[in-house]
Amino acid sequence: MAATTVIDNERIRLDRAVPQVAAPAPARSARWARRYARTLVISDNAVVFALVAAVVVGVPHPELVEAQSFGPEVPISAVVVVLGAVVLALLSLTGSRTSRVVGVGSQEYRAIVQSTFLAFTSAALLAYILDVDGLEFVLGIGLIAVTVGLVTSRWLWRRWLVAKRRQGAMSNRVLLVGSEESVAVTARDLKRTPAAGLHVVGACTPSGRVADYIPGTDIAVSGSVDNLIQALQRVDADTVLISSSNELSPSMVRSLSWQLEPGRHHLIVAPSLTDIGGPRLHTRPVAGLPLVHVETPRYTGGKLHAKRTFDLVAAGILILLLAPVLIGVAIAVRTSSPGAVFFRQERIGLGGERFHMLKFRSMYVDAEDRLTELAAQANRGNDIMFKMRDDPRVTGVGKVLRRFSIDELPQLFNVLLGDMSLVGPRPPLEREVEQYADAVHRRFLVKPGITGLWQVSGRSDLDWDETVRLDLFYVENWTLTGDLTILLKTVKAVLKSEGAY
């Protein structure tokens with residue numbers, strides 16, 4: 001009896017500490033997430049079984065397979081059906097369809113590759129152990145076909161989902177919590193990445209000035225941190241994102257998490273870390289504390305040698321494939337205006353060392369002499385980099401070369417010489433370096449690149465702070481996979497010719 005009284009008293013105490021909220025209808029975020037997951041299930045089933053059927057029909061194989069030591073003969077169609085079912089089960093187990101994975105990042109694609117590789121290699125190992133003949137080509141081609149098919153299918157669905165999210169649909173409605181400054185920064189970052197599906201609808205600040213707006217944003221203050229649940233209901237949000245924990249003690253955050261309805265509301269805590277790539281972050285709970293380990297970046301070792309090898313091979317192949325284009329452009333430059341074919345300019349590279357960067361000449365020969373008189377007319381670029389949309393120094397041929405970044409192709413020879421990499425920060429001029437803040441010099445820890453995050457994110461349309469942020473993010477977080485992604489995005493950026501003058 002005494003124990004029951006203690007339990008009842010404890011329950012009363014908790015009920016008073018944590019106000020109970022009536023269970024509303026399921027959140028729209030949960031509804032769209034379930035619908036989208038069901039759509040992916042149907043799509044994955046169609047892709048997997050269509051491809052394994054195509055492999056069975058198109059790849060030579062025995063009609064029946066059996067283990068040499070024991071077991072009955074089994075139709076190969078039954079084997080591939082089971083294998084397809086295993087792939088689909090693994091896609092569910094790896095969480096490749098959860099709302100936190102779809103739409104942005106590489107985790108969705110990584111789960112697909114892991115699932116298909118595990119299923120097909122396990123089948124190959126089992127066939128080897130049981131001494132089953134005739135499955136080699138079926139499994140090998142099936143692995144490639146199913147992986148490519150699933151990745152392509154998910155990529156197409158992601159394009160559709162991102163388009164919806166840009167319209168404000170199929171996203172989580174986010175209530176930001178923190179200081180006005182941290183809320184403004186987080187809101188701007190989330191607005192730049194609509195693919196993440198986090199649509200900010202309100203904010204709670206220490207002042208809690210309802211109906212006021214966060215300076216520099218269109219985010220209304222929906223309440224104070226003391227009446228957060230009421231603010232959550234007021235703006236019909238399903239996600240609380242704490243952008244600054246200075247205003248909330250650990251006990252307040254814990255109490256807040258207790259008040260959120262499981263399955264309907266979500267809690268996100270943004271640590272005081274910015275521009276840190278996912279592979280460098282590792283979360284480990286210790287004594288109830290969610291510790292975030294941040295690995296320091298490395299600029300030596302096998303990873304760097306692999307990057308150099310990739311640069312050499314890729315640059316060599318590109319030079320051979322583009323040789324007719326290079327020759328044709330050289331003739332066009334030489335015959336269109338007086339001057340040399342190539343423009344050699346001193347730039348600052350790895351470790352602050354100077355090197356001569358090559359480009360096809362796109363300006364008249366007196367371009368450098370006219371720079372001072374045109375400086376006041378700059379209408380693009382930023383405080384450090386000079387750019388003009390209609391630069392009178394650019395030749396007719398040069399405008400075409402610049403529009404599609406063809407003038408940058410001779411830098412492939414800089415890559416072969418080791419002065420540059422295919423992907424990296426933009427190589428700056430010495431006069432630009434003289435205006436750098438101390439932190440910006442970190443960009444010299446890696447080789448400059450022909451393309452990079454700056455080039456695929458707006459180029460000359462970006463302000464200086466955003467240019468620096470992108471370059472330093474690359475320096476701190478570069479990976480070979482990331483380089484490949486940037487190279488693919490470069491093709492899209494060149495075709496659209498955004499920010500190219």
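Visitor: Which residue takes a positive phi in the hairpin of β10 and β11?

Guide: That's Gly-351, with a positive phi near 70 degrees. Keep in mind as we go that this is a predicted model. The hairpin has five residues between its strands.

Visitor: How many bridges join β10 to β11?

Guide: Let's take the general idea to begin with. Strands of a sheet pair through backbone hydrogen bonds, and the pairing can be parallel or antiparallel. Here, β10 (residues 342–348) and β11 (residues 354–360) run antiparallel, with seven bridges joining them. If you'd like a spot to look at, find Glu-346, which stands opposite His-356 in β11.

Visitor: Okay, and what is the order of the strands in the open sheet?

Guide: Read across it and you get β5-β4-β3-β6-β7, five strands with parallel pairing. At the edges sit β5 (221–224) and β7 (266–269), each of which pairs on one side only. Neighbouring strands in this sheet are turned by 30 degrees against each other on average, direction ignored.

Visitor: Which residue of β7 does Val-240 stand opposite?

Guide: Leu-267 is the one facing Val-240. As for the strands, β6 (residues 239–242) pairs with β7 in the parallel sense, over four bridges.

Visitor: Let's move to the inside. Which residues have the most contacts in the largest nonpolar core?

Guide: The general idea is that in soluble globular proteins, nonpolar side chains tend to be buried together. In this model the largest nonpolar core holds 22 residues, and the ones with the most contacts inside it are Val-48, Val-87, Leu-91, Phe-120, Leu-135, Val-146 and Leu-150. The top contributor is α3, with seven residues.

Visitor: And on the outside, which residues form the nonpolar patch on the surface?

Guide: Look for Leu-312, Val-313, Ile-317, Leu-321, Phe-413 and Leu-416, which together have about 520 Å² of accessible area. Two helices, α9 (302–321) and α13 (411–417), each supply at least two residues of the patch. The most comes from α9, which gives four residues.

Visitor: Why does Phe-413 count as partly exposed?

Guide: Here you need the cut-offs: under 20% relative accessible area is buried, over 50% is exposed, and partly exposed lies in between. Phe-413 counts as partly exposed because its relative accessibility is 34%. You'll find Phe-413 in helix α13.

Notes:
Residues are numbered from 1 along each chain as its sequence is written. This is a predicted model: local features need pLDDT of at least 70, side-chain atom pairs count only at pLDDT 80 or more; totals for chains, interfaces and linings use all residues. Side-chain values use heavy atoms; hydrogens and water are left out. Patches are made of residues with over 30% relative accessible area and no salt bridge: like charges are joined within 9 Å, nonpolar side chains (Val, Leu, Ile, Met, Phe, Trp, Tyr) within 5 Å. Accessible areas come from the Shrake-Rupley method with a 1.4 Å probe; for residues, only the protein chains shown count as cover. A salt bridge is a side-chain nitrogen of Lys or Arg within 4 Å of a carboxyl oxygen of Asp or Glu. Buried means under 20% relative accessible area, exposed over 50%, partly exposed in between (1.4 Å probe, protein chains only). Two strands pair if DSSP finds at least two bridges between them. Axes are lines fitted to C-alpha atoms, for helices over the stretch in contact, and angles run from 0 to 180 degrees between N-to-C directions. A nonpolar core is a set of buried Ala, Val, Leu, Ile, Met, Phe, Trp, Tyr and Cys residues joined through side-chain atoms within 4.5 Å.
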